[in-house]
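Subject: Structure for you to look at

Hello,

Here is the structure I promised to pass on. Please open it first, then read my notes below.

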Amino acid sequence: MDNLLSPEELEFAEKMREFYRTEIPEDIRFRNATGQELSKDDIVTTQQILNKHGYAVPNWPVEWGGQDWTPVQRHIWLEEMQLANVPSPLPFNASMVGPVIATFGSQEIKERFLPKTANIDIWWSQGFSEPNAGSDLASLKTTAVKKGDHYIVNGQKTWTTLGQYGDWIFMLVRTDPDVKKQAGISFLLIDMKSPGVTVRPIELIDGGHEVNEVFFDNVEVPVENLVGEENKGWTYAKFLLGNERTGIARIGQSKVNLARVKAYAATTKTARGTLLDDPLFSARLTKVEAELTALEFTQLRMLSTQVAGSEKPDPRSSVLKLRGSQLQQDITELLVDVLGPQGLDFVDDARLPGGFTDLPPAAVDALRTYFNYRKVSIYGGASEIQRGIISKAILGL
Amino acid sequence: MDLELNDVQRELGSTVRRLLRTKYNAEARDALLASEQGFSRDMWNQYAELGLLSLPFAEEYDGAGMGFAEVAVVMEEFGKALVLEPYLSTVVLGGGLVAAAGSDAQKKDILPGIVSGERLLAFAGYEPAGRYELSAPATKAAESGEGATITGEKTAVLGAPDADLFVVSAATDSGVGLFLVEAGAGGVTVSPRVQADGLRTGSVLFDGAQAQRLGSGDATAAIQAVIDTANAALAAEAVGAMEASLMMTADYLKTREQFGAPIGRNQALQHRAADAYATLEGAKSMALYAKLAITGAEGDGAASEAGKDRHRDILAAKLVIDQAAHEISQESIQLHGGIGMTMEYPIGHYAKRLTVIPRTFDDQDGVTQELAALGGLIEPSAMDV
């Protein structure tokens, strides 16, 4: 990509590259690079360093800590972050609730929340999905009934990622049950320490605890925690989901993961050489590499037509999500296949004391990530939803 | 970062598009397909008048002094209209080889005739036993003093039936040589064939045919560079054909009714069309990638570092384009149903071109293996190895 950038953009890329590698602790980047689970501390430490330098929330308005960057600069910021194995700012803070508050919130609510959100002094959780509101999000049933200067919230949210760390949760709640389902939804902020909030872990097939159910039993929420206007929540949610889709292809991350697959394959012996030279394995790998390059150039083509400051969603971002998900999943499968018989169990440590040979690198994360990444074609609008958007918005079907 | 066409290129595209819209509708094209010649001399002369035949050549040889970026614009429009004239064989391959390997005198002698539309060229490279191999011809050249004679059999010679001049590869003492052989020379016999997409091709027997060496020394790098350019040109043409095919398919889904409703209301068909669209975007991206690889390395031989990068990038582009052509051509027929299989409806014609393109200069398996052997596009790297 470098030869497409202007001298100023190249200089910016070099600056970011240098910054990430010198300012973000090596041990955090190493854990991220080798697929180890990141602690809450790792994520908070990283985001606070980024925020100190103005790099945590560049997509926000400048007055709230954002940067006056071009779309290309934002792309470079994210790409170089991923290439340097730096954990991304917490998306719930940086690309979800932050932009919603900054765009639709009152001055008072901005002042109350935005600085703490940028600096991750508040860890946000997302309260959108419900057991019966997945792809059909607008059918959500959690209610907020106004009583004096409080809302009384009752219901259940699910798939709340890292909700076990959550200080606050931003919610879509039903405030008017008597209108069209999209028209009766509001965007409400709830302190997770409030009485009546219960977080219950969901164990996933990757053996981890990443998501949760959150229950609300007569939770009292002050009315000033409403963002924007009552019953306008669906508009804010669509805005938020549009933001979520940009960058969701995670192309830089896929490049790093693919480079890792190749490095391990090059040190894995087969009967005829290394796995990297195996004709069938290398053919699969090569096709994924070429497809990833195609996706990168699709993203660059979209960037080059995107005007700075214009936030109008490009329906082609659904192509990025659809194909980016597929490639991320393909790469996790390649990593599993590098390990062969030694990658079929979940272990916490690849080192085997007592005279045994250590398990190969990636034994800790390959299979877990393979199972974990089944999520990427489901979250942020499932692949079938993206196909629906493409067929309607682009092909006119 | 600007990846869009510039104003001149945009204008060129719309000029070609306008011409083809008025002169190259399905009916006109069907008549050409059925004709003896298989393409239109009249259209060829119009391309010459518009300067399309001059685009990649230097001004000193009557060329427009532009580059591959403009050729790609033309090829994409040609792909949309399924143009039958021998642009690829004459301008990109034949003219490209003369420009890449010829002496100044040879370029002065040959290129102006291409630009004016008077001379058609063909590259005689592939051989019956060699599949896509171009680096080890069995065809032999016997050189003596100024001249040479060529003996051997070439096949899949695109544009052979109407070529005035062949550029022939042959084994010499100094590696692979390129030779110019007049079609009318003694000892030249052409067995014409028609590709499934209507393009004229054929086998050519050279039996001691009089020849003139094109340039000097081993031409392997020049051949590689020109085939890379031709693959990038096919990428652009394929994108034009795929886009036309998919848009036509989307229109059909909106208008064809079964069970009392447009068939495009069916989610099964919507999602297949959406997947095909995502594939088309990837193909467009790789046609762009191929264009940048060629324009970024114009003038570099295959042996140079830039030439190696260019070749690797073209392989990657071809890999994606070929797969896309395969998918979109098949899906376009399937989404149409029976009408897509008829000669009277355009979809099948697109499918034919899109079936031929991926197999013209190497195929998917060959490209995949070669790209893998070159180490792919991403360097192996892990923090713990």
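**What I found**

W168(A) stands opposite D191(A), which belongs to strand 5 of chain A. Strands here are DSSP runs of E with at least two residues, helices are runs of H or I with at least four, and both are numbered from the N terminus.

Before going on, two notes on conventions. This is a predicted model: local features need pLDDT of at least 70, side-chain atom pairs count only at pLDDT 80 or more, and totals for chains, interfaces and linings use all residues. Residues are numbered from 1 along each chain as its sequence is written, while chains are lettered from A and ligands numbered from 1 in the order in which they are written.

Back to strand 4 of chain A. Its partner strand 5 (residues 185-191) runs antiparallel to it, and 7 bridges join the two. Strand 1 (residues 124-127) of chain A runs parallel to strand 4, with 4 bridges between them. There, S125(A) has I169(A) as its bridge partner. Two strands count as paired if DSSP finds at least two bridges between them.

Is strand 4 of chain A buried or exposed? Of its 7 residues (168-174), 7 are buried, so the strand is largely enclosed by the rest of the structure. Buried means that 20 or more other C-beta atoms lie within 10 Å of the residue's own; exposed means 12 or fewer, partly exposed is in between, and C-beta atoms are placed from the backbone. W168(A), F170(A), L172(A) and R174(A) point one way, I169(A), M171(A) and V173(A) point the other way, and all are buried. In a regular strand, side chains alternate between the two faces of the sheet.

Now the whole chain. Chain A has 12 helices and 10 strands. Buried residues make up 45% of its 397 residues. The C-alpha trace spans about 75 × 55 × 50 Å along its principal axes.

Chain A is divided into domain 1 (2-89), domain 2 (124-230) and domain 3 (246-394). These bounds come from an automatic or database domain assignment. The centres of domain 1 and domain 2 of chain A, taken over C-alpha atoms, are 30 Å apart.

UniProt, in an unreviewed entry, lists "domain: Acyl-CoA oxidase/dehydrogenase middle" for residues 127-219 of chain A. Such annotations may be inferred rather than shown by experiment; positions use the numbering here, and feature names are shortened. That span is 0% helix and 46% strand, with its end C-alpha atoms 14 Å apart.

Best wishes
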